[in-house]
Amino acid sequence: AYENCFRLIGTDCETPAGGAGQVRLFTSRRLTARPAESKQLSLQSTNRILGITKTAQNFDKEAKNCMKALIIDDEFNVRYVIRHLGQWKQHGITDVLEAANGEEAKKIIESQNPEIIFTDIKMPGISGIDLMEWLNSIDYSGKVIFITGFDDYSFMRKAIQFNSFDYLLKPIEADPFNHTLSAAIESWQSEKEERQNKETGV
């Protein structure tokens, strides 16, 4: 099995009487590798290690670029339009999640921790404002963009009060939406780097 990698040096053997084909080794020396073959094995091992390292680095890079977005609105048509207007992949969003109300949204946020949230303000049960207040209570570090069909200053004031990233009016248009999406991701990534630098003492 090792004839391609090793050779026996100075091995003596004998064949017992009447035991044709039965060879007994009684003196052997250490197995050694030929220099050329040893070098080839070393290069192969090094290439394998480098390949594994490169794969791990690529996986880590891809993992860092993976982001999630959550769309919260009680109207299916609104969620559908937002899902299809967003340039998600272009901005590094790999998963677009949906919730039809605040309760669903809470469960998704707790389990998936999306970095970007687009939420309607007026919804049955838990409103967008209530949800934002809850997010503040759990120190949510992502970005929240309010979406509403009501151009009401009181909503805007509450959005500012709860540190929402932006405020978009329905009907949603592609350019303003994607501009806001891009700015929110850029802001989130910048803040993430700052948090990491503080943790590492940089």
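This is a predicted model: local features need pLDDT of at least 70, side-chain atom pairs count only at pLDDT 80 or more; totals for chains, interfaces and linings use all residues.
Let's start with strands E5 (residues 67-72) and E6 (residues 93-99). They run parallel, and six bridges join them.

Together with E5 and E6, H2 makes a right-handed β-α-β unit.

## The cores

The largest nonpolar core is made up of 23 residues. Leu70, Ile72, Ile109, Ile117, Leu131, Leu135 and Phe146 are the ones with the most contacts inside it. H4 gives the largest share, with five residues.

For a closer look, pick Ile109. Setting aside neighbours within four places in sequence, Ile109 touches Leu70, Pro114, Ile117, Leu131, Trp134 and Leu135. There's also a second, separate core of 19 residues, and Val78, Leu181, Ile185 and Trp188 are among them.

## A spot in a loop

Now head for Ile172, which sits in the loop between strand E9 (166-169) and helix H6 (174-200). Its relative accessibility is 13%, and the cut-off for buried is under 20%, so Ile172 counts as buried.

What is Ile172 in contact with, leaving aside its neighbours within four places in sequence? The list is Ile82, Leu85, Ile147 and Phe177. Val78 is 94 residues away from Ile172 along the chain, yet their C-alpha atoms are separated by 8.4 Å.

Terms used
Residues are numbered from 1 along each chain as its sequence is written. Side-chain values use heavy atoms; hydrogens and water are left out. Helices (H or I, at least four residues) and strands (E, at least two) are DSSP runs, numbered from the N terminus. Buried means under 20% relative accessible area, exposed over 50%, partly exposed in between (1.4 Å probe, protein chains only). Contact means heavy atoms within 4.5 Å. Two strands pair if DSSP finds at least two bridges between them. A crossover is right-handed if, with the strands pointing away from the viewer, the path from the first strand over the helix to the second runs clockwise. A nonpolar core is a set of buried Ala, Val, Leu, Ile, Met, Phe, Trp, Tyr and Cys residues joined through side-chain atoms within 4.5 Å.
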